[in-house]
Amino acid sequence: MAEPFSHELGKQVGRVARSLRMGELEHAFCDLEASTDRLYKFITFLSVTVQLLRDAQHPLAREVDAYERRLLGVLERVEGALAKEDFVALTMALEHGVAPVLDRYHGVGTRVAAALRPRLAA
């Protein structure tokens, strides 16, 4: 469930980076704004997932926690670039930071679903 969401979100972030590269700032910032809410929801999902896995003492908790921290780290680069109005750095952070990290959730999501299935069924 979360894998397709993160994959599509990664594609959306990639489109923002391409729009920035093409100088289509209005389009890029509209898409960036639209992706912000989706990113927040995904981070919330990750936080809840980590807590559920920790409560179950599942070893996958560490991997998901590390993934969440990696995503938050690249998002800090995005925030910094936005604060400086550095569109080159913003493009790089989105294209080479956020989008690839979102794509790396592929595979993790399947294992998370399997790990949480017994807990969610209870």
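The questions and answers below set values computed from a predicted model against the definitions behind them. In this predicted model local features need pLDDT of at least 70, side-chain atom pairs count only at pLDDT 80 or more, and totals for chains, interfaces and linings use all residues. Residues are numbered from 1 along each chain as its sequence is written, and side-chain values use heavy atoms, with hydrogens and water left out.

Q: Why is Asp-65 called buried?
A: Buried means under 20% relative accessible area, exposed means over 50%, and partly exposed lies in between (1.4 Å probe, protein chains only). Asp-65, which lies in helix H3 (residues 60-84), has 16% relative accessibility and therefore counts as buried. Of the 122 residues of the protein chain, 40% count as buried.

Q: Which residues is Asp-65 in contact with, leaving aside its neighbours within four places in sequence?
A: Contact means heavy atoms within 4.5 Å, and with those neighbours left aside Asp-65 is in contact with Val-50 and Arg-54. Across the protein chain, residues 24 or more positions apart account for 69% of the contacts with a separation of 6 or more.

Q: Why does Ala-34 count as partly exposed?
A: Ala-34, a residue of helix H2, has 40% relative accessibility, so it counts as partly exposed. The C-alpha atoms of Ala-34 and His-7 are separated by 15 Å, and these residues stand 27 residues apart along the chain.

Q: How do you know which residues line the second largest pocket?
A: On a 1 Å grid over the protein atoms alone, a pocket is an open set of points where a 1.4 Å probe fits, with protein on both sides within 12 Å along at least five of seven lines, and lining residues have an atom within 4 Å of a point. The second largest pocket is lined by 13 residues, of which Thr-36, Leu-39, Leu-75, Val-78 and Glu-79 lie nearest its centre. Helix H2 (25-55), H3 and helix H4 (87-103) each give two or more residues to this lining, and H3 gives the most, with six residues.

Note on methods. Helix = DSSP H or I, 4+ residues; strand = E, 2+ residues; numbered from the N terminus.
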